[in-house]
Amino acid sequence: MSDDAESAGEADAPTATNDGQRFDRLPETPADREVEGRASRREVIDWWEERFGIDPSAFEEYTFWEKGAGKVWIFNGEATDPSAVEAIGMTFLRTRQEHWKPTTRAATRFGGLATQNVIELDPEQAVAFVAGDDQDLPEWDGDWGYLIATHEVAGESAPIGVGLYLYDELRSVVPKGSRADLPVVE
């Protein structure tokens, strides 16, 4: 093949880029990826299964979209062209960083399905957590990293947010706008 023919072939290859102002559907698999660094649907679902033990069937009716660099949104249904909207569904996961991070909204929506990396907080710990306070919890013997924090409400465990567990400390990553001052209820 001549140099000119090779150059012409390279010019025809797709060079998709991420547009931070537009929603783009996640590719189904890594092999379908057109934008470097973009997570695939399969990778997102596999991550939730591996990290939190959530069965992949929980996400069958949902589509996944990226807007910005690694901000993944989940939408219950289909959208043909969501590029002109400001939001679609809810923010779900941050992927373009060293460790993927679930959003508080995703944890409260899907955390009840989690079977691993779930930390149950007593009433005082739950109050501190939703207030945004970090706390020493050396008794946790599970994985380090992002955990789904839960608290017993009306006799059932309810997810209340995402925490980062490192060095015997649970760090609350509840967004400032979602923090609450709650009374301790026993």
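Predicted model: local features only at pLDDT ≥ 70, side-chain atom pairs only at ≥ 80, totals over all residues.

**Starting from one glycine**

I began with Gly145, which sits in strand 8; strands are DSSP E runs of at least two residues, helices are H or I runs of at least four, and both are numbered from the N terminus. Residues are numbered from 1 along each chain as its sequence is written, and side-chain values use heavy atoms, with hydrogens and water left out.

Is Gly145 buried or exposed? Gly145 is buried, with a relative accessible area of 16% (buried is under 20%, exposed over 50%, partly exposed in between, with a 1.4 Å probe and protein chains only).

Next I checked what Gly145 touches: Arg51, Gly163, Leu164 and Tyr165, leaving out residues up to four places away in sequence (contact means heavy atoms within 4.5 Å). Gly163 is 18 residues from Gly145 in sequence, and their C-alphas are 8.1 Å apart.

**The sheet**

I followed Gly163 to its bridge partner, Ser172 in strand 10. Strands 9 (156-166) and 10 (169-172) pair antiparallel over four bridges (pairing takes at least two DSSP bridges).

Then I traced the open sheet: five strands, order 6-8-9-10-7, with mixed pairing. Strand 6 (118-121) and strand 7 (135-136) are at the edges with a single partner strand each, so one side of each has no neighbour in the sheet.
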